[in-house]
Amino acid sequence: MYPENETYREGLEELAAHYKSVLTLLGEDADREGLQKTPMRVAKAMQVLTRGYAMDARKVLTDALFKEDYSQMVIVKDIDFFSLCEHHMLPFYGKAHVAYIPNGYITGLSKIARVVDIFSHRLQVQERMTQQIREAIQETLHPLGVMVVVEARHMCMQMRGVEKQNSITTTSDFCGAFNQAKTRQEFMNLIHNRQ
(Lines give C-alpha, C1' and ligand atoms only; values in the text may rest on other atoms or scores of the structure.)
Protein backbone atom coordinates (compact mmCIF):
# COMPACT_ATOMS: atom_id res chain seq x y z
CA MET A 1 0.00 0.00 0.00
CA TYR A 2 1.18 3.53 -0.70
CA PRO A 3 1.84 5.43 2.55
CA GLU A 4 0.85 9.10 2.68
CA ASN A 5 4.39 10.22 1.76
CA GLU A 6 4.81 7.70 -1.08
CA THR A 7 5.36 8.89 -4.62
CA TYR A 8 2.54 7.86 -6.92
CA ARG A 9 3.03 6.45 -10.40
CA GLU A 10 3.43 8.60 -13.47
CA GLY A 11 0.24 10.08 -14.93
CA LEU A 12 -1.44 11.04 -11.65
CA GLU A 13 -2.21 14.65 -12.71
CA GLU A 14 -3.58 13.52 -16.07
CA LEU A 15 -5.72 10.88 -14.37
CA ALA A 16 -7.14 13.52 -12.00
CA ALA A 17 -7.97 15.77 -14.97
CA HIS A 18 -9.93 12.92 -16.57
CA TYR A 19 -11.87 12.35 -13.35
CA LYS A 20 -12.76 16.06 -13.27
CA SER A 21 -14.18 15.64 -16.78
CA VAL A 22 -16.10 12.55 -15.66
CA LEU A 23 -17.72 14.53 -12.83
CA THR A 24 -18.79 17.20 -15.31
CA LEU A 25 -20.16 14.60 -17.74
CA LEU A 26 -22.19 13.08 -14.90
CA GLY A 27 -23.88 16.47 -14.41
CA GLU A 28 -21.92 17.68 -11.40
CA ASP A 29 -20.17 20.99 -10.82
CA ALA A 30 -16.59 19.77 -10.44
CA ASP A 31 -15.59 23.16 -9.01
CA ARG A 32 -18.01 23.16 -6.08
CA GLU A 33 -16.42 22.97 -2.63
CA GLY A 34 -17.17 19.32 -1.90
CA LEU A 35 -15.79 18.12 -5.23
CA GLN A 36 -12.74 20.34 -5.77
CA LYS A 37 -10.29 17.76 -4.42
CA THR A 38 -12.26 14.69 -5.52
CA PRO A 39 -10.53 14.18 -8.89
CA MET A 40 -7.09 13.94 -7.25
CA ARG A 41 -8.42 11.76 -4.43
CA VAL A 42 -9.94 9.36 -6.95
CA ALA A 43 -6.78 9.36 -9.08
CA LYS A 44 -4.67 8.45 -6.04
CA ALA A 45 -7.19 5.81 -4.97
CA MET A 46 -7.15 4.24 -8.43
CA GLN A 47 -3.36 4.09 -8.42
CA VAL A 48 -3.47 2.30 -5.06
CA LEU A 49 -6.21 -0.06 -6.26
CA THR A 50 -4.15 -0.93 -9.36
CA ARG A 51 -0.70 -0.98 -7.76
CA GLY A 52 -0.29 -4.61 -8.82
CA TYR A 53 0.72 -3.51 -12.31
CA ALA A 54 3.96 -2.15 -10.85
CA MET A 55 4.80 -5.34 -8.91
CA ASP A 56 6.38 -8.65 -9.90
CA ALA A 57 4.87 -11.69 -8.15
CA ARG A 58 7.75 -13.95 -9.13
CA LYS A 59 10.30 -11.59 -7.54
CA VAL A 60 8.25 -11.48 -4.34
CA LEU A 61 8.31 -15.28 -4.13
CA THR A 62 12.06 -15.58 -4.79
CA ASP A 63 12.95 -12.84 -2.28
CA ALA A 64 12.16 -15.35 0.49
CA LEU A 65 13.08 -18.69 -1.05
CA PHE A 66 14.50 -21.33 1.30
CA LYS A 67 15.81 -24.85 0.70
CA GLU A 68 13.71 -27.24 2.77
CA ASP A 69 12.98 -30.97 2.56
CA TYR A 70 9.32 -30.56 3.49
CA SER A 71 7.04 -32.27 0.96
CA GLN A 72 3.57 -32.07 2.49
CA MET A 73 0.82 -29.57 1.72
CA VAL A 74 1.38 -25.94 2.73
CA ILE A 75 -1.88 -23.98 2.92
CA VAL A 76 -2.44 -20.27 3.38
CA LYS A 77 -6.21 -19.84 3.65
CA ASP A 78 -8.63 -16.98 4.17
CA ILE A 79 -6.45 -14.39 2.43
CA ASP A 80 -8.70 -11.32 2.22
CA PHE A 81 -8.54 -9.46 -1.08
CA PHE A 82 -10.24 -6.61 -2.93
CA SER A 83 -10.12 -6.20 -6.69
CA LEU A 84 -11.80 -4.25 -9.48
CA CYS A 85 -13.87 -6.00 -12.13
CA GLU A 86 -12.50 -5.01 -15.53
CA HIS A 87 -15.99 -4.89 -17.06
CA HIS A 88 -17.53 -2.21 -14.81
CA MET A 89 -14.59 -1.16 -12.62
CA LEU A 90 -16.66 -2.04 -9.56
CA PRO A 91 -15.14 -3.97 -6.64
CA PHE A 92 -15.22 -7.67 -6.09
CA TYR A 93 -13.89 -8.99 -2.82
CA GLY A 94 -13.53 -12.14 -0.80
CA LYS A 95 -11.02 -14.75 0.26
CA ALA A 96 -8.33 -16.70 -1.54
CA HIS A 97 -7.06 -20.07 -0.37
CA VAL A 98 -3.69 -21.25 -1.71
CA ALA A 99 -1.89 -24.57 -1.29
CA TYR A 100 1.34 -25.90 -2.68
CA ILE A 101 3.39 -29.04 -2.12
CA PRO A 102 7.09 -28.07 -1.96
CA ASN A 103 9.69 -29.74 -4.12
CA GLY A 104 12.89 -28.86 -2.26
CA TYR A 105 12.09 -25.16 -1.72
CA ILE A 106 9.59 -23.19 0.31
CA THR A 107 8.78 -19.48 0.31
CA GLY A 108 7.81 -17.17 3.15
CA LEU A 109 4.14 -17.60 4.06
CA SER A 110 3.49 -13.86 3.75
CA LYS A 111 4.76 -14.04 0.18
CA ILE A 112 1.80 -16.23 -0.80
CA ALA A 113 -0.56 -13.56 0.52
CA ARG A 114 1.48 -10.91 -1.30
CA VAL A 115 1.02 -12.77 -4.60
CA VAL A 116 -2.75 -12.64 -4.09
CA ASP A 117 -2.43 -8.92 -3.33
CA ILE A 118 -0.43 -8.25 -6.50
CA PHE A 119 -2.87 -9.93 -8.87
CA SER A 120 -5.96 -8.58 -7.11
CA HIS A 121 -4.64 -5.02 -7.42
CA ARG A 122 -5.21 -4.96 -11.17
CA LEU A 123 -8.33 -4.72 -13.30
CA GLN A 124 -9.42 -8.33 -13.21
CA VAL A 125 -11.88 -11.10 -13.76
CA GLN A 126 -11.95 -13.66 -10.96
CA GLU A 127 -11.20 -16.56 -13.29
CA ARG A 128 -8.00 -14.98 -14.62
CA MET A 129 -6.85 -13.85 -11.17
CA THR A 130 -7.21 -17.41 -9.84
CA GLN A 131 -5.14 -18.76 -12.74
CA GLN A 132 -2.46 -16.05 -12.44
CA ILE A 133 -1.91 -16.81 -8.75
CA ARG A 134 -1.51 -20.52 -9.50
CA GLU A 135 0.81 -19.91 -12.47
CA ALA A 136 3.10 -17.52 -10.57
CA ILE A 137 3.61 -20.03 -7.76
CA GLN A 138 4.03 -22.99 -10.12
CA GLU A 139 6.47 -21.24 -12.45
CA THR A 140 8.56 -19.75 -9.63
CA LEU A 141 8.73 -22.46 -6.95
CA HIS A 142 8.35 -25.54 -9.24
CA PRO A 143 6.44 -27.39 -6.51
CA LEU A 144 4.88 -30.84 -6.81
CA GLY A 145 1.50 -29.14 -7.15
CA VAL A 146 -0.44 -25.93 -6.58
CA MET A 147 -4.13 -25.30 -5.96
CA VAL A 148 -5.95 -21.98 -5.63
CA VAL A 149 -9.59 -21.44 -4.65
CA VAL A 150 -11.10 -17.94 -4.70
CA GLU A 151 -14.51 -17.09 -3.21
CA ALA A 152 -15.83 -13.61 -3.96
CA ARG A 153 -18.78 -11.26 -3.96
CA HIS A 154 -19.09 -9.01 -7.01
CA MET A 155 -20.50 -5.50 -6.64
CA CYS A 156 -21.33 -5.49 -10.37
CA MET A 157 -23.89 -8.22 -9.55
CA GLN A 158 -25.00 -6.65 -6.26
CA MET A 159 -25.34 -2.96 -7.21
CA ARG A 160 -26.46 -3.24 -10.84
CA GLY A 161 -27.63 -5.87 -13.32
CA VAL A 162 -29.32 -8.76 -11.52
CA GLU A 163 -28.84 -7.12 -8.08
CA LYS A 164 -28.29 -10.38 -6.19
CA GLN A 165 -26.68 -9.40 -2.88
CA ASN A 166 -25.96 -12.84 -1.46
CA SER A 167 -24.40 -14.65 -4.41
CA ILE A 168 -20.82 -15.89 -4.07
CA THR A 169 -18.66 -16.90 -7.02
CA THR A 170 -16.09 -19.67 -6.49
CA THR A 171 -13.24 -20.39 -8.89
CA SER A 172 -10.37 -22.86 -8.68
CA ASP A 173 -7.23 -23.76 -10.55
CA PHE A 174 -4.80 -26.58 -9.84
CA CYS A 175 -1.92 -28.56 -11.28
CA GLY A 176 0.52 -31.34 -10.45
CA ALA A 177 -0.35 -33.45 -7.41
CA PHE A 178 -3.71 -31.67 -7.16
CA ASN A 179 -4.83 -33.41 -10.35
CA GLN A 180 -5.58 -36.33 -7.99
CA ALA A 181 -9.10 -36.06 -6.59
CA LYS A 182 -7.94 -37.28 -3.14
CA THR A 183 -5.38 -34.46 -2.84
CA ARG A 184 -7.90 -31.84 -3.98
CA GLN A 185 -10.43 -33.16 -1.48
CA GLU A 186 -7.88 -32.97 1.36
CA PHE A 187 -7.26 -29.31 0.49
CA MET A 188 -10.98 -28.52 0.32
CA ASN A 189 -11.58 -30.24 3.68
CA LEU A 190 -8.77 -28.25 5.28
CA ILE A 191 -9.88 -24.84 3.97
CA HIS A 192 -13.49 -25.37 5.01
CA ASN A 193 -12.60 -26.67 8.48
CA ARG A 194 -13.37 -23.49 10.47
CA GLN A 195 -11.94 -23.78 13.97
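One term before we click anything: a contact means heavy atoms within 4.5 Å. This is a predicted model, so local features need pLDDT of at least 70 and side-chain atom pairs count only at pLDDT 80 or more, while totals for chains, interfaces and linings use all residues. Residues are numbered from 1 along each chain as its sequence is written, and side-chain values use heavy atoms, with hydrogens and water left out.

**Whole chain**

Start with the cartoon. The C-alpha trace spans about 60 × 40 × 25 Å along its principal axes. Of the 195 residues, 42% are buried, where buried means under 20% relative accessible area, exposed over 50%, and partly exposed in between (1.4 Å probe, protein chains only). Among contacts between residues at least 6 apart in sequence, 71% join residues at least 24 apart.

**Helix H4**

Now select 109-120, which is helix H4. Its 12 residues reach 18 Å from first C-alpha to last, close to the 16 Å expected at 1.5 Å a residue; the expected span is 1.5 Å times one less than the number of residues. Show side chains: Ile112, Val115, Val116, Asp117, Ile118, Phe119 and Ser120 are buried in H4. What covers them? Colour helix H3 (57-62), strands E2 (74-85), E3 (91-101), E4 (105-107) and E5 (123-124), and helix H5 (126-141), which are included in the cover.

Next, pick Cys85 and Cys156. A search of the whole structure turns up zero disulfides, a disulfide being a pair of cysteine sulfur atoms within 2.5 Å. For Cys85, the nearest cysteine sulfur is that of Cys156, 4.1 Å away. Cys85 is buried, with a relative accessible area of 5%, and Cys156 counts as buried at 12%.

**Val149**

For the last stop, zoom to Val149 in strand E6 (residues 145-154). Val149 counts as buried, at 2% relative accessibility. Leaving aside residues up to four places away in sequence, Val149 touches Lys95, Ala96, His97, Thr170, Thr171, Ser172, Phe187, Met188 and Ile191.

Note on methods:
Helices (H or I, at least four residues) and strands (E, at least two) are DSSP runs, numbered from the N terminus.
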